[in-house]
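Welcome to this short tour. Open the structure in your viewer, keep the sequence panel beside it, and follow the stops below.

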Amino acid sequence: MSEPDVFAALANPTRRELLRLLREEGEQPVRRLADRFDMRRPSLSEHLRVLKEAGLVTEQPIGRQRFYALRPEPLREVADWLTPYERFWRSRLAGLREVLDGMPDG
């Protein structure tokens with residue numbers, strides 16, 4: 001089995017929305033998550049499986065239900081990768097601000 005790919009897991013908008021829901025609302029049963037999406041339960045389960053394999057969520061069976069929770073640690077890889085780009089855009093926007101501040105008001 002290949003190494004989990006956090007970037008591939010995040011590439012899908014449904015999976016990003018699942019992560020947002022878990023971040024904002026905390027641990028939830030799969031049924032409650034499924035109610036938020038216009039798709040069949042097996043399709044949603046496939047998205048949750050991808051997130052679990054990437055290490056972005058945990059799954060805990062409680063009785064007959066499976067509860068999912070956000071595991072944000074793998075997102076550090078994404079943040080580390082984005083940091084140079086953030087610095088790049090911050091410097092570009094600062095330069096734009098200087099140009100705009102130097103223009104006469106119209």
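Before you select anything, one term: two residues are in contact, or touch, when they have heavy atoms within 4.5 Å of each other. What you have on screen is a predicted model, in which local features need pLDDT of at least 70 and side-chain atom pairs count only at pLDDT 80 or more, while totals for chains, interfaces and linings use all residues. Residues are numbered from 1 along each chain as its sequence is written, and side-chain values use heavy atoms, with hydrogens and water left out.

**Stop 1: the whole chain**

Start with the cartoon view. The protein has 5 helices and 3 strands, where helices (H or I, at least four residues) and strands (E, at least two) are DSSP runs numbered from the N terminus. Followed from the N terminus, the order is α-α-β-α-α-β-β-α. With a radius of gyration of 19 Å, well over the 13 Å that the globule rule gives for 106 residues, the protein is more spread out than a compact globule. That radius is taken over C-alpha atoms, and the rule is 2.2 Å times the number of residues to the power 0.38. Turn the model around: along its principal axes the C-alpha trace spans about 65 × 35 × 20 Å.

Of the contacts with a separation of 6 or more, 51% are between residues 24 or more positions apart. Among the 106 residues, 27% count as buried, meaning under 20% relative accessible area with a 1.4 Å probe, protein chains only.

**Stop 2: the nonpolar core**

Now show side chains. A nonpolar core here is a set of buried Ala, Val, Leu, Ile, Met, Phe, Trp, Tyr and Cys residues joined through side-chain atoms within 4.5 Å. The largest one has 19 residues, and Leu18, Leu33, Leu44, Leu48, Leu51, Leu56 and Tyr68 touch the most other members. At least two residues of this core come from each of helix 1 (6-10), helix 2 (13-25), helix 3 (30-34) and helix 4 (41-53). Helix 2 gives the largest share, 4 residues.

Select Leu56 from that list. Not counting residues up to four places away in sequence, Leu56 touches Val6, Ala9, Leu10, Leu19, Leu51, Ala69, Leu70, Arg71, Pro74 and Leu75.

**Stop 3: along helix 2**

Select Leu21, which lies in helix 2. Is Leu21 buried or exposed? Leu21 is buried, because its relative accessible area is 1%. Beyond the neighbours within four places in sequence, Leu21 is in contact with Gly26, Gln28, Leu33, Arg36 and Phe37. Try the distance tool on Leu21 and Leu33: they are 12 residues apart in sequence and 8.0 Å apart in space, C-alpha to C-alpha.

Next, move to Thr14, also a residue of helix 2. Thr14 counts as buried, since its relative accessibility is 16%. Which residues is Thr14 in contact with, leaving aside its neighbours within four places in sequence? They are Phe37, Met39 and His47.

**Stop 4: across to helix 4**

His47 counts as buried because its relative accessibility is 14%. Leaving out residues up to four places away in sequence, His47 touches Asn12, Thr14, Arg15, Leu18 and Met39.

Then select Leu48, another residue of helix 4. Its relative accessibility is 0%, so Leu48 counts as buried. Apart from neighbours within four places in sequence, Leu48 is in contact with Leu18, Val30, Leu33, Val57 and Tyr68.

**Stop 5: a loop glycine**

Finish at Gly55, in the loop between helix 4 and strand 2 (57-62). Gly55 is buried, because its relative accessible area is 15%. Leaving aside the neighbours within four places in sequence, Gly55 is in contact with Arg71 and Pro74. Gly55 and Glu73 are 18 residues apart along the chain, with their C-alpha atoms separated by 8.2 Å.

Methods. Buried < 20%, exposed > 50% of the residue type's maximum accessible area, 1.4 Å probe, protein only.
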